[in-house]
Amino acid sequence: WYFNFQYMREYGDQATWGNWCKLLFVNPASASGGQDLLFANVILFIPWTIMDGRRAGMKWNWIWFPMSALTSFAFAMALFLALKERQLRYNAG
């Protein structure tokens with residue numbers, strides 16, 4: 001969150017999704033990480049959380065992608081996995 005807030009403070013009105021994605025590719029090192037992040041978050045994370053969450057009996061499975069966009073992919077994924085594990089234990093009990 002620190003870096004997201006720093007980005008918004010530094011870029012002001014230009015702190016858009018498009019500009020953020022463009023800045024991911026300013027050099028080869030950041031492009032490698034940016035490509036992995038965008039691919040995992042936008043293409044894989046959405047169907048994974050919806051299908052796997054549904055199988056586990058979780059509700060609100062659409063919330064994970066907006067959460068990852070507002071916080072971070074790592075935070076949203078970790079929270080999803082923790083709550084999925086909690087749901088599975090609840091279902092088993």
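Questions and answers on pockets and helix packing follow.

The model is predicted, with local features needing pLDDT of at least 70 and side-chain atom pairs counting only at pLDDT 80 or more, while totals for chains, interfaces and linings use all residues. Residues are numbered from 1 along each chain as its sequence is written, and side-chain values use heavy atoms, without hydrogens and water.

Q: Which helix supplies the largest share of the lining of the largest pocket?
A: A pocket is an open set of points on a 1 Å grid over the protein atoms alone, where a 1.4 Å probe fits, with protein on both sides within 12 Å along at least five of seven lines; lining residues have an atom within 4 Å of a point. The lining here has 27 residues, with Asn4, Trp17, Trp20, Ala69 and Thr71 nearest the centre. Helices (DSSP runs of H or I, at least four residues, numbered from the N terminus) H1, H2, H3, H4 and H5 each supply at least two lining residues. The largest share, eight residues, comes from H1.

Q: How many residues does H5 give to the lining of the second largest pocket?
A: Met58, Lys59, Trp64, Leu83, Arg86, Gln87 and Tyr90 line this pocket. H5 gives the most, and its contribution is four residues.

Q: Are H3 and H5 roughly parallel or roughly antiparallel?
A: H3 and H5 pack at about 10 degrees, with axes 11 Å apart. Angles under 35 degrees count as roughly parallel and over 145 as roughly antiparallel. H3 and H5 are therefore roughly parallel.

Technical notes: Axes are lines fitted to C-alpha atoms, for helices over the stretch in contact, and angles run from 0 to 180 degrees between N-to-C directions. Angles under 35 degrees count as roughly parallel, over 145 as roughly antiparallel, 65 to 115 as roughly perpendicular and the rest as oblique.
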